[in-house]
Amino acid sequence: PFKQVIQNLHDDWLHAGVLPRTAGGNLKAPDMLVYLSWVCEAWDAVSPEIIKRSFLTCGITGSVDAEADDQIHMFSERGPCPAGRAIFDQKKAAGVPAPPPSAIHIDESDAETSDSLSDAASSSDSSDDSSDE
């Protein structure tokens, strides 16, 4: 909805009448205050439910009991790593701490995906230990 509202407002602006032009006759961009008013209007059009769902889709659930893990886009059938959910659950059940997001590089064509998650978790543990010294 956000992008669509911005697009609609821009279209309305284009069709509103006389538009500012450069000396060469090219169309000038809208004034910054116009852009800002569009952004405010577009944010107002985004419902709190969409914002909540967006966080869930990205895996930011705030839940420690895995109640929303099935809503993470990465692990959905259309996501980049549908098999990742099983690997994620397996590692969580084994007590393997989650590596920082920057250490996770999942490629489903890699037969050692499960091992790469373990390696990432191990390297994050060892890097945490070295920072204490």
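Rings of Phe, Tyr and Trp (its six-membered ring) form an aromatic pair if their centres lie within 6.5 Å, and planes under 30 degrees apart count as stacked, over 60 as edge-to-face and the rest as tilted. With that in hand, welcome to a structure that holds 3 aromatic pairs. This is a predicted model, in which local features need pLDDT of at least 70 and side-chain atom pairs count only at pLDDT 80 or more, while totals for chains, interfaces and linings use all residues. Residues are numbered from 1 along each chain as its sequence is written, and side-chain values use heavy atoms, leaving out hydrogens and water.

**Aromatic residues**
- Trp-13 and Trp-38 pair edge-to-face, at 6.4 Å centre to centre and 70 degrees between the planes.
- Because Trp-13 lies in helix 1 and Trp-38 in helix 2, this pair ties together parts that are 25 residues apart in sequence (helices are DSSP runs of H or I, at least four residues, numbered from the N terminus).
- Tyr-35 and Trp-38 also pair edge-to-face, with 5.5 Å centre to centre and 85 degrees between the planes.
- Trp-13, Tyr-35 and Trp-38 form one aromatic cluster.
- Trp-38 is buried at 7% relative accessibility, whereas Tyr-35, at 34%, is partly exposed (buried means under 20% relative accessible area, exposed over 50%, partly exposed in between, with a 1.4 Å probe and protein chains only).

**Nonpolar core**
- The largest nonpolar core has 6 residues, including Trp-13 and Trp-38 (such a core is a set of buried Ala, Val, Leu, Ile, Met, Phe, Trp, Tyr and Cys residues joined through side-chain atoms within 4.5 Å).
- Helix 1 gives the most to this core, with 3 residues.

**Helix 4**
- Gly-84, Ile-87 and Lys-91 are buried in helix 4.

Conventions
Helices (H or I, at least four residues) and strands (E, at least two) are DSSP runs, numbered from the N terminus.
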